[in-house]
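Thanks for coming. Please have a look at it first.

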Amino acid sequence: LRAALERAKAGGAPCVGQWMEFPGYTLAKTIAGLGFDWVLVDCEHGNIADNEMYLAIGAIASSGVSPIVRIPADEPWMMKRALDAGAHGIMIPMCESKEQAAKIVNAMKYPSDRWPQGFRGSGAMFAPANFNQNGAQYQRTANDNTLIIVQIETRKAVENVEEIASTDGVDMLFIGPNDLAASLGYFPFDHAKIEEVQVATARTLKACKDAGKYAGHFALSAEIAAQRSKQGFEFMNCGADIVAVTAWMAGEKAKMEAL
Ligand code: 3PY
């Protein structure tokens, strides 16, 4: 995952993935088999319970693709479960301050010389296999290998974005444009057309560049993802399973009715 992000940062192909809202080993395997850099298992808004998260992570990692889990909130126990299941990266919604970002980082790091404040508990039984490692190798390298992604999606987050970006251990800031628009007082789905949202987006991107952090943006199509890539974002999805299923099936239904 870090190699794909570095490729994107160096001006190569963006680090692109897909978004899973449905549960299922076979669905995860099918999406990962399409050859994305990553697939995100959305445990914030998706219908994905704990055991289904485990299955999806295993399916994605065994396809040579990086599983990323979005947890519902910045709860250390949720980070621990997703990390222990073998996620290569964790996305945390609604990060609003440097203090919150630092707490997130500490929860995701094993205590070590580099991370004396780290408080992740040892006991990752299943994660090593999803990194093709044994337990000791995983224990030694997890702090460096697992990606910490915080979401910028509120007015307060944007006000503090330079400080959040400068937080040691935060790897990426990822814009949730719908929540950001809502927090700024607009209808979420109109985010692309709203100047204030785009100004906040540009400020977040600049904060990432200045702090040497990766920048990510939510996108539900290749066109939008490519636009964000041109703007300087390294990491974006280009769709979601629920959107693919409903758009395609509704389209076929409409065609059928017209035949
Ligand atoms: C948003 O658009 O607010 C997101 O977090 C993407 O799911």
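Let me begin with helix α4, which spans residues 76-84; its buried residues are M78, M79, A82, L83 and D84. Keep in mind that this is a predicted model. The spacing along the helix is worth a word. An α-helix has 3.6 residues a turn, so residues three or four places apart point the same way.

Now the whole chain. There are 12 helices and eight strands in its secondary structure. Its radius of gyration is 18 Å, close to the 18 Å that the globule rule gives for 259 residues, so the chain is as compact as a globular protein of that length. Along the principal axes, the C-alpha atoms fill a box of roughly 65 × 40 × 30 Å. Of the 259 residues, 51% count as buried. As for contacts between residues at least 6 apart in sequence, 59% of them join residues at least 24 apart. On charges, the chain has 24 positive and 30 negative ones, and their mean positions are 4 Å apart.

The one I take up now is T201, in helix α10, residues 195-211. Is T201 buried or exposed? With a relative accessible area of 1%, T201 is buried. A polar atom of its side chain lies 2.7 Å from the backbone oxygen of V197. Beyond its neighbours within four places in sequence, T201 is in contact with I175, L180, H217, R228, Q231 and F233.

The other is K109, which sits in the loop between α5 and α6. K109 has a relative accessible area of 3%, and the cut-off for buried is under 20%, so this lysine counts as buried. Where does the side chain of K109 reach? It comes to 2.7 Å from the backbone oxygen of N143. N143 is also among the contacts of K109 outside the four places either side in sequence, and the others are W115, G118, F119, R120 and I148. Of these contacts, F119 is 10 residues from K109 in sequence, with 6.3 Å between the two C-alpha atoms.

That is what I have; I am happy to go back to any of the views.

Notes. Residues are numbered from 1 along each chain as its sequence is written. This is a predicted model: local features need pLDDT of at least 70, side-chain atom pairs count only at pLDDT 80 or more; totals for chains, interfaces and linings use all residues. Side-chain values use heavy atoms; hydrogens and water are left out. Buried means under 20% relative accessible area, exposed over 50%, partly exposed in between (1.4 Å probe, protein chains only). Helices (H or I, at least four residues) and strands (E, at least two) are DSSP runs, numbered from the N terminus. The radius of gyration is taken over C-alpha atoms; the globule rule is 2.2 Å times the number of residues to the power 0.38. Contact means heavy atoms within 4.5 Å. Lys and Arg count as positive and Asp and Glu as negative; His and the chain ends are not counted. The place of a charge is taken as NZ of Lys, CZ of Arg, CG of Asp or CD of Glu. A polar contact is a pair of N or O atoms within 3.5 Å; within protein, one must be able to donate a hydrogen and the other to accept it, and residues adjacent in sequence count only if both atoms are side-chain atoms.
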